[in-house]
Amino acid sequence: MEIEIRTFIDRSDCYAYALTQSKALLENETDWTAGLANVSAALKLLIPDINWVGFYLMRGAELVLGPFQGKPAVSHIALGSGVCGTAAQSGQAQAVPDVHACCNHIACDLASSSEIVLPIYAQNRLFGLLDIDSPKRSQFTATDIPGLQAIADAIGRWITMTGVE
């Protein structure tokens with residue numbers, strides 16, 4: 001599927017377009033690895049000023065690295081550890097405008113300055129997380145959560161509807 005790269009003045013418009021593209025990529029997909037890989041690639045193309053985007057998946061009592069775009073990352077994260085582990089443990093989105101001021105941050109890419117993590121629920125349980133990093137400080141704030149959470153929620157509905165895992 002060809003994705004048209006667009007420039008948006010408002011980030012909420014960017015996220016709405018990324019949601020539409022993500023849904024289109026998942027529509028006929030039956031394999032979660034392929035689906036999440038394509039969504040991470042699309043988000044990397046569509047969201048400006050990011051250096052890492054990908055998924056961490058719940059496996060037992062820890063998060064395990066899933067499909068992503070960016071530099072190699074930590075493969076296993078304990079619940080409560082780092083921004084991802086905190087999001088998984090709390091079940092709530094986390095927006096960190098300055099990761100260097102966050103004492104619980106796990107640095108995978110030293111160029112990252114801000115991070116946002118969104119939970120993905122499927123079949124009434126935490127399936128995993130959508131994690132996005134930016135080299136720009138204050139790239140992500142609480143105002144970004146609704147638009148990006150809509151993408152995470154669409155992924156959760158796809159997993160639930162297709163039964164992929």
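1. Which residues does Gly35 touch, not counting residues up to four places away in sequence? Gly35 touches Leu26, Glu29 and Trp158, where contact means heavy atoms within 4.5 Å. Gly35 lies in helix H2, helices being DSSP runs of H or I with at least four residues and strands DSSP runs of E with at least two, both numbered from the N terminus. At 2% relative accessibility Gly35 counts as buried, the term meaning under 20% relative accessible area, with exposed meaning over 50% and partly exposed in between, for a 1.4 Å probe and protein chains only. The C-alpha atoms of Gly35 and Ala24, eleven residues apart along the chain, are separated by 10 Å.

2. On provenance, this is a predicted model in which local features need pLDDT of at least 70 and side-chain atom pairs count only at pLDDT 80 or more, while totals for chains, interfaces and linings use all residues. Residues are numbered from 1 along each chain as its sequence is written, and side-chain values use heavy atoms, with hydrogens and water left out.

3. The chain has four helices and six strands, and from the N terminus on its elements run α-α-β-β-β-α-β-β-β-α. The six strands form an open sheet in the order E3-E2-E1-E6-E5-E4, with antiparallel pairing; two strands count as paired if DSSP finds at least two bridges between them. Strand E3 (76-78) and strand E4 (94-96) stand at the edges with a single partner strand each, so one side of each is left without a neighbour in the sheet. Neighbouring strands of this sheet are turned by 25° against each other on average, direction ignored, with axes taken as lines fitted to C-alpha atoms, for helices over the stretch in contact, and angles running from 0 to 180 degrees between N-to-C directions.

4. Nine of its ten residues are buried, so E6 is largely enclosed by the rest of the structure. E6 pairs with E1 in the antiparallel sense over six bridges, with Trp52 opposite Asp133, and nine bridges join E6 to E5, also antiparallel, where Ile116 has Ile132 as its bridge partner. E5 and E6 form a hairpin with two residues between them, and Gln123 in the turn has a positive phi of about 55°.

5. The largest nonpolar core has 34 residues, of which Leu130, Ile132 and Ile155 touch the most other members; such a core is a set of buried Ala, Val, Leu, Ile, Met, Phe, Trp, Tyr and Cys residues joined through side-chain atoms within 4.5 Å. Helix H1 (11-26), helix H2 (32-46), strand E1 (52-59), strand E5 (114-122), strand E6 (125-134) and helix H4 (145-162) each give two or more residues to this core. A second, separate core of 15 residues includes Ile77, Ala88, Val96 and Val117. Not counting residues up to four places away in sequence, the contacts of Leu130 include Leu43, Phe55, Ile116, Leu148 and Ile151.

6. At 5% relative accessibility Gln139 counts as buried, and beyond residues up to four places away in sequence it touches Arg11, Pro48, Asp49, Ser114, Ser134 and Asp144.

7. For the chain as a whole, a compact globule of 165 residues would have a radius of gyration near 15 Å, and the 14 Å of the chain agrees with this; the radius is taken over C-alpha atoms, and the globule rule is 2.2 Å times the number of residues to the power 0.38. Of the 165 residues, 46% count as buried. Among contacts between residues at least 6 apart in sequence, 53% join residues at least 24 apart.
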